[in-house]
2 protein chains.
Amino acid sequence: MGSFSFRLIANDGNARSGEIETPHGRVRTPAFMPVGTQATVKGMYPDQVRDTGADIVLANTYHLMLRPGPERIAALGGLHRLMNWPGPILTDSGGFQVMSLSALRRIDDNAVTFRSHLDGTMYELTPERAVEIQLLLGSDIAMQLDECVKLPAERADIERAMHLSLGWAERSKRAFERAPAGHALFGIVQGGDDAALRDASARALTAIGFNGYAIGGMAVGEPQDVMLRILDEVTSLLPERAPHYLMGVGTPDDLIEAVARGMDMFDCVLPTRNGRHGLAFSRFGPVNLKNARHANDPRPLDDASACPAARDYSRAYLHHLVKANEMLGAMLLTAINLAYYQELMSGVRAAIAAGRFEAFRAETKEGWARGDIAPA
Amino acid sequence: MGSFSFRLIANDGNARSGEIETPHGRVRTPAFMPVGTQATVKGMYPDQVRDTGADIVLANTYHLMLRPGPERIAALGGLHRLMNWPGPILTDSGGFQVMSLSALRRIDDNAVTFRSHLDGTMYELTPERAVEIQLLLGSDIAMQLDECVKLPAERADIERAMHLSLGWAERSKRAFERAPAGHALFGIVQGGDDAALRDASARALTAIGFNGYAIGGMAVGEPQDVMLRILDEVTSLLPERAPHYLMGVGTPDDLIEAVARGMDMFDCVLPTRNGRHGLAFSRFGPVNLKNARHANDPRPLDDASACPAARDYSRAYLHHLVKANEMLGAMLLTAINLAYYQELMSGVRAAIAAGRFEAFRAETKEGWARGDIAPA
């Protein structure tokens, strides 16, 4: 078992490539983490997730604390064994889903209290319990509990949530002192779309000291330019020698732009959720397989893809499966999308190493702008 | 491309093992054919279906004629290419689903006319069109159009449907004369639970002459002993040198009992449908993964199984996935069930070859009767 560490390999402008070591193996950065909400990346076998090029997956503490429960998962040997995924796992703290999914939540300085969206049971989540749960899961990288505010919001609300999150950051760090050696805890920068609050949050977190730093509260309703402006302002305040994780983001374009601003890690439900709804991501941009123009098209989605799902099945078949609401349609498009996200990250890493990230970014966007290849 | 042929390898009592050659490869019999209703075995990649040990899959003419349509499938290179399944395919005639799924159906001597359950379009299906559709699909083994009556039913109704089906058998055979060389057409014995009608049907079909003979209209509401009595009476009337196919059957026990009575081929939605609903078939009998007794059970479903899905995931995880309604639960249990059905067929074939089918049948039933292995 390795210990958590982060090594920068190359810089190209503000873009960085590197390597995170964890107790369950290595993560090449910039890294996209497929989301395994309920201890499964929806519609994917674990070895398939690995085959798309993913080094690490994310799991959701909120969902797992409700079902099957962290003590049960620990008794079963931890989350890695449960979901048959031997690689690194990052868990969120549960805070985000408490805000978005649960009913009757109440926040005070001590804790967030909420009613399960599954069966109405009341739960209390403190920063200490959030850390404890993530340790029970056996997470390689744990996140502090924070409060995430939907944008647009009043400055006073954003400021209150930011200060609450900072207090919870300190308590999370203390609680994490009893973690097994080698595991990591990340702090989360909050402050909404307010540069001064983001600045204060980043500085205070750095003073506390974490293994890595996340930008939280983005992709919560704001336009992309607001997010990129915040990244421009915040990234330079984060310790260079630690990973920078942009939570819950985003589209392929968001990822490229965030990498350009020094971000190293990403997670998002878009490739999996959109795959289940008939949308493929590709080097030609998004392709909607529900569209009738695919019904008679014998060509694969992209015969230059490394992903068998993109090469071995016709667009006509994908269209049929999506229209017929067949599981295999969701399975193939999820695999295609995760493979595309990983192909993009792999390209990003190679471009940074070669000192040609700007060219890669321009070429990639040209491909998206050209749009889908026309039928012969 | 091979031509259709059937070779008997061994007999043991009335049980037989053999080999069917088709234009797309070999089928070892007794054979279980997974059901790929809409040109996909639900929740399975085609190479996984092969890996469970399946030599051949079944596809449903009714579903495919409505969507994506036989002319479209032909233009796309046929069903094998569409679904990325290079092995043999048997298609039913569409008759059964016309009866069970469509609205406003009307049958006369010429055709069945019905309204699509998808969009209300009116279709007419004649015996000639059913053959034409199956040829457009590129099916290795086509079935004649027949009328299947739900049991219990009046003798007069059963008799009328049996005679109608015989007339359609003759027309199907004539229509099939323009099939590419090597493809096969099977006739279907009807006659409900009436031995005299079954007898007349089997003799008349044999006189017409088909590549294989199916028993239709079973597993339509009758108890198992009624079905087995019919098989006892009918099988001896079927040509020995042709495959005997029991349509739409059944449970593992149905399969063993039908093999004992000289049946060679089976299809059924039970392993796939039950897998999607949390039920596993195993050498311990059926196991309901919804049951709370599995919630803390770290053991795999069956560590002696050849199927990775049965070995690499705990019962606790399968339980969690089923309770959480995760696609992976349906995927794993479908794979487990299809692998178990194939393992059963493989065991049956080996036992017949070794002249110990009776012992195999008894041992298998003892395993089911002992029930699921108890926790340690």
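A pocket, for this tour, is an open set of grid points where a 1.4 Å probe fits, with protein on both sides within 12 Å along at least five of seven lines, and a residue belongs to the lining if one of its atoms lies within 4 Å of a point. Keep in mind as you click around that this is a predicted model.

**Stop 1: the largest pocket**

Start by selecting helix 14 of chain A. With six residues, helix 14 of chain A gives the most to the lining of the largest pocket. The space in there comes to about 1,100 Å³. There are 44 lining residues, and the ones closest to the centre are A:Asp47, A:Gln48, B:Tyr45, B:Asp47 and B:Gln48.

Now colour the helices around the pocket. From chain A, pick helix 1 (46-51), helix 12 (308-311) and helix 14 (327-353); from chain B, pick helix 1 (46-51), helix 12 (308-311) and helix 14 (327-353). Each of these supplies at least two residues of the lining.

**Stop 2: an arginine over a tryptophan, in each chain**

Select A:Arg50 and A:Trp85. The charged end of A:Arg50 sits over the ring of A:Trp85, and the distance to the ring centre is 4.9 Å. Then hop over to chain B and select B:Arg50 with B:Trp85. Here B:Arg50 lies over the face of B:Trp85, 5.0 Å from the ring centre.

**Stop 3**

Zoom in on strand 8 (residues 112-115) of chain A, which pairs with strand 9 of chain A over four bridges in the antiparallel sense. Across that pairing, A:Phe114 stands opposite A:Tyr123 in strand 9.

**Stop 3: the 7-8-9 sheet of chain B**

Switch to chain B, where three strands form an open sheet in the order 7-8-9, again paired antiparallel. Strand 7 (103-107) and strand 9 (122-125) of chain B are at the edges with a single partner strand each, so one side of each is left without a neighbour in the sheet. From one strand to the next, the twist averages 15°.

This time look at the other pairing: strand 7 of chain B and strand 8 (residues 112-115) of chain B run antiparallel and share three bridges. Select B:Ile107 and you'll find B:Val112 of strand 8 opposite.

**Stop 4: aromatic pairs**

Over all chains there are 14 aromatic pairs. For a stacked one, select B:Phe114 and B:Tyr123: their centres are 5.6 Å apart, with 15° between the planes. Buried or partly exposed: which is B:Phe114, and which is B:Tyr123? B:Phe114 counts as buried, because its relative accessibility is 0%, while B:Tyr123, at 21%, counts as partly exposed.

For an edge-to-face pair, go to B:Phe210 and B:Tyr213, at 6.2 Å centre to centre and 85° between the planes. B:Phe210 is buried at 10% relative accessibility, and B:Tyr213 is buried at 2%. Back in chain A, select A:Phe32, A:Phe281 and A:Tyr341, which ring pairs link into a cluster.

**Stop 5: strand 11 of chain A**

Select strand 11 (residues 184-189) of chain A. Six of its six residues are buried, so strand 11 is largely enclosed by the rest of the structure. In a regular strand, side chains alternate between the two faces of the sheet. Here, A:Ala184, A:Phe186 and A:Ile188 point one way, and A:Leu185, A:Gly187 and A:Val189 point the other.

Strand 10 (residues 141-143) of chain A pairs with strand 11 in the parallel sense over three bridges, and A:Met143 stands opposite A:Phe186. Strand 12 (residues 212-215) of chain A also pairs parallel with strand 11, over four bridges; look for A:Val189 opposite A:Ile215.

**Last stop: A:Leu197**

Finish in helix 8 (residues 195-208) of chain A, where you'll find A:Leu197. A:Leu197 counts as buried, with 4% relative accessibility. Draw a C-alpha to C-alpha distance from A:Leu197 to A:Pro70: the two are 127 residues apart in sequence and 34 Å apart in space.

How values were computed
Residues numbered from 1 in each chain as written. Chains lettered and ligands numbered in written order. Predicted model: local features only at pLDDT ≥ 70, side-chain atom pairs only at ≥ 80, totals over all residues. Heavy atoms only, no water. Phe/Tyr/Trp six-rings, centres within 6.5 Å; stacked < 30°, edge-to-face > 60°. Buried < 20%, exposed > 50% of the residue type's maximum accessible area, 1.4 Å probe, protein only. Lys NZ or Arg CZ within 6 Å of the ring centre and 35° of its normal. Pairing = 2+ DSSP bridges. Axes fitted to C-alpha atoms, helices over the stretch in contact; angles between N-to-C directions. 1 Å grid on protein atoms, 1.4 Å probe; cavity = no way out; pocket = protein on both sides within 12 Å on 5 of 7 lines; lining within 4 Å. Points joined across faces, edges and corners; volume = space filled by probe spheres on them.
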